[in-house]
Amino acid sequence: MDLSARLEELQQVERFPPPDGFREQAVVRDAGVYEEAARDRHAWWERQAERLDWFERWDTVLDDSNPPFFRWFTGGRLNVSHNCVDRHVEAGRGDKVAFHWHGEEGEERDVTYADLHRDVQRFANALKALGVERGDVVGIFLPMIPEVVVAMLACTRIGAVHNVVFGGFSATSCAERMEVSAAKVLICPDGSRRKGKTAPVKQQVDAVAGDIGESLERIVVVRNVGDDTPMQEGRDVWWHEAVDAADPECPPEPLDAEAPMFILYSSGSTAKPKGILHTTGGYLTQVAWTHQWVFDLKPDEDVYWCSADVGWVTGHSYIVYGPLANGVTSVMYEGAPDYPDKDVWWALCERYGVTIFYTAPTAIRACIKWGEEYPARHDLSKLRLLGSVGEPINPKAWLWYHEVIGGGRCPIVDTWWQTETGAIMVSPLPGLTETKPGSCTIPLPGIEAKILDESTGEEKDDGQGLLVLTQPWPAMLRTLYGDDERFVETYFKRFGPETYLVGDAARKDGDGYLWVIGRIDDVINVSGHRLSTAEVESAIVSHPNVAEAAVVGRHDEDTGQAIVAFVTLREDGDDMERAIRDHVAERIGKLARPKRIIWSDDLPKTRSGKIMRRLLRDIAEGRELGDVTTLRDPDVMEQLKSKVAERQSEE
Ligand code: WTA
């Protein structure tokens with residue numbers, strides 16, 4: 001039977017129970033866990049925290065005396081790097097590979113737990129020698145190389161707070177995030193590689209370092225591409241020199257369970273990114289637990305691979321902290337999925353015997369487009385579980401993933417969560433949960449999610465509304481760095497301090513399964529990357545020839561959503577489309593470049609001058625226009641509609 005006939009047949013199935021062989025061997029087989037967790041949440045989370053090594057046990061599981069500022073495992077002391085590295089080495093597993101690292105040009109480096117133990121201690125001492133103290137912020141702007149993991153763990157060893165910036169962001173964006181977090185040290189590479197080309201990252205950082213402000217004292221440079229790199233005397237230091245000069249022994253600091261662990265900037269409704277703050281004990285507890293349960297992890301047998309970048313929360317929780325806390329062997333890949341050819345992912349799965357693979361729907365859709373001949377070139381028979389994250393997965397992509405990559409035998413875990421939640425919240429447990437393609441199924445044990453009616457705020461048992469989380473969870477964000485007010489305002493103003501507003505709309509079906517629809521705020525999800533329309537707008541209008549801009553998201557077959565920008569120029573110019581796209585790449589990063597720019601003499605505004613994005617969204621999606629009665633100048637819409645039609649006919 002050919003593939004499309006098979007997919008059509010599968011589409012009729014609608015429900016996929018765990019395969020028998022899988023269920024019998026699964027880490028979690030007892031459906032009683034949901035009720036058990038609901039009956040006594042504190043005891044439940046306490047049991048999960050016991051997975052970790054604590055220097056001192058907590059006195060209180062959950063301090064909820066000042067909601068929404070929840071505190072977990074207070075009084076407890078632990079160290080993340082000790083849990084991710086030392087305890088495996090101490091248990092005699094030092095020779096075990098932590099990462100099979102694979103470089104873009106095919107280089108290979110196996111990093112064992114003992115290697116991490118050595119490198120993390122040395123780099124932690126190097127940081128101390130550079131003046132980094134407990135609570136200081138360290139910026140990390142590195143590509144997917146083992147040093148990024150060492151740098152993160154070294155911070156956690158001494159209680160420094162890391163602030164990782166995705167390597168695909170521009171140096172300008174990185175500098176902004178360093179400035180607002182008052183970073184003391186920034187770690188960057190001399191350059192980075194992408195599809196055979198290199199980018200001079202250090203020089204780009206040099207160009208904007210002046211904007212970071214006085215907090216930034218030192219820049220540590222990792223020799224990655226080996227190009228000549230100017231170093232500023234007194235400020236810049238080579239990674240390898242700092243490490244060589246450092247003392248080899250650095251005992252892990254016993255840190256308070258609530259000690260700040262990392263900040264990760266994420267997009268929100270305004271142009272200013274939110275510094276999402278996570279703390280030590282609760283975060284590590286929930287990532288370690290979810291990584292084992294959701295991925296049915298058997299640390300002695302599995303080879304696990306998450307294809308995300310460490311610069312996103314998925315990389316933090318499910319490339320670095322979850323897998324290392326559980327002592328598993330992972331694959332870490334530096335390059336792009338289509339370089340040197342479109343089968344590179346599947347070649348790596350075969351080469352390292354990957355058993356668990358975790359990726360994003362946008363990547364699956366790209367693979368579908370490239371064709372099934374690429375995975376067909378490789379033996380994927382070791383795979384036994386597949387995961388998806390970052391955006392709703394459309395049933396077609398789910399079925400293709402299941403059939404072509406999973407050979408019809410691997411359960412798929414569609415995991416819903418956010419930078420803010422720190423860890424997976426809604427997902428099947430693969431040995432227990434019957435899955436439905438397109439649904440992330442039900443909240444994990446201990447987690448409570450509800451759908452509230454958009455206008456009345458009443459709970460809905462069935463139907464569509466706002467997704468909220470109604471019980472605190474250990475890995476929840478603690479605040480927005482330096483901005484408690486915005487934290488409360490963003491997540492807890494609408495329904496009060498006990499009800500976390502997720503920012504997604506979702507539907508619950510008659511079985512209680514959740515179907516996430518998408519964001520309700522001005523966040524666009526492009527290829528699983530969160531971007532704010534306001535951030536992109538402000539980058540566009542900072543171009544000297546732009547008078548005004550409005551940005552909206554539109555459905556896109558490949559990337560989930562795509563950015564459409566409506567732009568009014570000050571005067572006509574040459575190749576302005578390219579100029580604006582380049583400008584956005586420089587300000588934010590290539591990922592934020594608009595897919596489509598529509599020139600317009602004017603934008604639809606209310607009488608008080610507010611841009612009506614709702615109408616622009618209707619236009620971008622090619623829908624019937626909504627209510628236009630509040631428009632100051634209704635002719636604007638007609639002009640825009642014909643512009644869009646013109647653009648479409650050009651394609
Ligand atoms: C979306 C990524 C549907 C959602 C871990 C959420 C999803 C935002 C899923 C968070 C999923 C993430 N199904 N939608 N399985 N996973 N999302 O902070 O809109 O980069 O609010 O965290 O991605 O994106 P973030």
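Mentor: One definition before we start. A strand is a DSSP run of E with at least two residues, a helix is a run of H or I with at least four, and both are numbered from the N terminus. Also, this model is predicted.

Trainee: Got it. Where does Pro68 sit, then?

Mentor: Pro68 is in the loop that runs between strand 1 (60–63) and strand 2 (71–74).

Trainee: What kind of peptide bond joins Pro67 and Pro68?

Mentor: A cis one. Omega is about 5° there. Most peptide bonds are trans.

Trainee: And what about the bond from Tyr339 to Pro340?

Mentor: That peptide bond is cis too, with omega near -5°. Look for Pro340 in the loop between strand 17 and helix 13 (344–352).

Trainee: New topic. What is the phi of Glu14?

Mentor: Positive, about 70°, although Glu14 is not a glycine. Most residues other than glycine have a negative phi. Glu14 lies in the loop between helix 1 (3–13) and helix 2 (20–25).

Trainee: On to sheets. In what order do the strands of the seven-stranded sheet come?

Mentor: The order is 5-4-17-16-18-19-20. The sheet is open, and its pairing is mixed.

Trainee: Which strands stand at the edges?

Mentor: Strand 5 (108–112) and strand 20 (412–415). Each has a single partner strand, so one side of each has no neighbour in the sheet. From one strand to the next, the twist averages 20°.

Trainee: How many bridges are there between strand 4 and strand 5?

Mentor: Five, and the pairing is antiparallel. As one example, Phe99 has Val111 in strand 5 as its bridge partner.

Trainee: How many residues lie between strand 4 and strand 5 in their hairpin?

Mentor: Five. Gly106 is in the turn, and its phi is positive, about 90°.

Trainee: In what sense do strand 4 and strand 17 pair, parallel or antiparallel?

Mentor: Parallel. Strand 4 covers residues 97–102 and strand 17 covers residues 329–333, and four bridges pair them.

Trainee: What holds strands together in general?

Mentor: Backbone hydrogen bonds pair the strands of a sheet, in either a parallel or an antiparallel way.

Trainee: What about the five-stranded sheet? What order does that one have?

Mentor: The order is 22-21-23-25-26. That sheet is also open, and its pairing is antiparallel.

Trainee: How many bridges join strand 21 to strand 23?

Mentor: Four. Strand 21 is residues 449–452, strand 23 is residues 463–469, and they run antiparallel. Find Ile451, and you will see Leu467 of strand 23 standing opposite.

Trainee: Helices now. At what angle do helix 5 and helix 6 pack?

Mentor: About 130°, with the axes 9 Å apart. Helix 5 spans residues 80–93 and helix 6 spans residues 113–129.

Trainee: Why is helix 5 called oblique to helix 6?

Mentor: It is the angle that makes helix 5 oblique to helix 6. The crossing of helix 5 and helix 6 is left-handed.

Trainee: What is the crossing angle of helix 7 and helix 12?

Mentor: Roughly 60°. The axes of helix 7 (residues 146–158) and helix 12 (residues 313–325) come within 12 Å. These two helices are therefore oblique to each other, and their crossing is right-handed.

Trainee: How do the residues of the lining divide into nonpolar, polar and charged?

Mentor: Eight are charged, five are polar and four are nonpolar.

How values were computed: Residues numbered from 1 in each chain as written. Predicted model: local features only at pLDDT ≥ 70, side-chain atom pairs only at ≥ 80, totals over all residues. Heavy atoms only, no water. Nonpolar A, V, L, I, M, F, W, Y, C, P; charged D, E, K, R; others polar. Pairing = 2+ DSSP bridges. Axes fitted to C-alpha atoms, helices over the stretch in contact; angles between N-to-C directions. Parallel < 35°, antiparallel > 145°, perpendicular 65-115°, else oblique. Left-handed = near helix turned anticlockwise from the far one by under 90°.
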